[in-house]
Amino acid sequence: MAELSSSLNVFLATAAALVAIGVYGFIVGPEPLRRIVALNIISAGIFKLMVVLAYRGSGNGDAEWLADPVLHALVLTGLVVAVSATAFALALLARLGQSMTAGQEDPGQ
């Protein structure tokens, strides 16, 4: 049981590091693409934190650990929403890039 709690601590530290790296990248990165990637890193850290927090003891004294299915379902739903939001943000960024290059080609209009 001690080795399981130490590995959970490693996963907690990794999740905290992912969130910290994402927040730093979001604050420092001036480009919109870097900010989108930073938001994805933050969400990966939060998803990892939720999966780690989902584990709980079985209560009957043995070394078997159970996972909370509600948090796992929330993580799965969050992954779908994060992928959709990322695709939408990248499509908006591509459209913004197209409109900016189209405006630079025709300076007379």
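Modeller: Start with the surface: Val23, Tyr24, Phe26, Ile27, Val28 and Leu39 make a nonpolar patch of about 580 Å². The model is predicted, so local features need pLDDT of at least 70 and side-chain atom pairs count only at pLDDT 80 or more, while totals for chains, interfaces and linings use all residues. Residues are numbered from 1 along each chain as its sequence is written, and side-chain values use heavy atoms, with hydrogens and water left out.

Colleague: What makes a group of residues a patch?

Modeller: Each member must have over 30% relative accessible area and no salt bridge; nonpolar side chains (Val, Leu, Ile, Met, Phe, Trp, Tyr) are joined within 5 Å, and like charges within 9 Å. Areas come from the Shrake-Rupley method with a 1.4 Å probe, and for residues only the protein chains shown count as cover. Val28, one of the patch residues, has 46% relative accessibility.

Colleague: Why is Val28 called partly exposed?

Modeller: Buried means under 20% relative accessible area, exposed means over 50%, and partly exposed is in between (1.4 Å probe, protein chains only). Val28 has 46%, so the label is partly exposed.

Colleague: Which element gives the largest share of the nonpolar patch?

Modeller: Helix α1 (residues 2-28) does, with five residues. Val28 lies in that helix. Helices (H or I, at least four residues) and strands (E, at least two) are DSSP runs, numbered from the N terminus. By that rule the protein chain has three helices and two strands, in the order α-α-β-β-α from the N terminus on.

Colleague: How do you know what span to expect for helix α2?

Modeller: The expected span is 1.5 Å times one less than the number of residues. Helix α2 (residues 32-53) has 22 residues, and the expected value is 32 Å. From first C-alpha to last, α2 reaches 32 Å, close to that expectation.

Colleague: Which residues of α2 are buried?

Modeller: Ile36, Ala38, Ile42, Ser43, Gly45, Phe47 and Val52. For the protein chain of 109 residues, buried residues make up 15%.

Colleague: Why is Val52 called buried?

Modeller: Val52 has a relative accessible area of 9%, which is under the 20% cut-off, so the residue is buried. Contact means heavy atoms within 4.5 Å. Not counting residues up to four places away in sequence, Val52 touches Leu8, Phe11 and Leu12.

Colleague: What makes the meeting of Glu31 and Arg34 a salt bridge?

Modeller: The term requires a side-chain nitrogen of Lys or Arg within 4 Å of a carboxyl oxygen of Asp or Glu. The N to O distance between Glu31 and Arg34 is 3.4 Å, so the pair qualifies. A search of the whole structure finds one salt bridge.

Colleague: Why is Thr86 called buried?

Modeller: Thr86 has 16% relative accessibility, under the cut-off of 20%, and so counts as buried. The residue lies in helix α3 (residues 69-105). Leaving aside neighbours within four places in sequence, Thr86 is in contact with Ile36 and Asn40.

Colleague: What makes the pairing of Thr86 and Asn40 a polar contact?

Modeller: A polar contact is a pair of N or O atoms within 3.5 Å; within protein, one must be able to donate a hydrogen and the other to accept it, and residues adjacent in sequence count only if both atoms are side-chain atoms. The side chains of Thr86 and Asn40 are joined at 2.8 Å, so the distance meets the limit.
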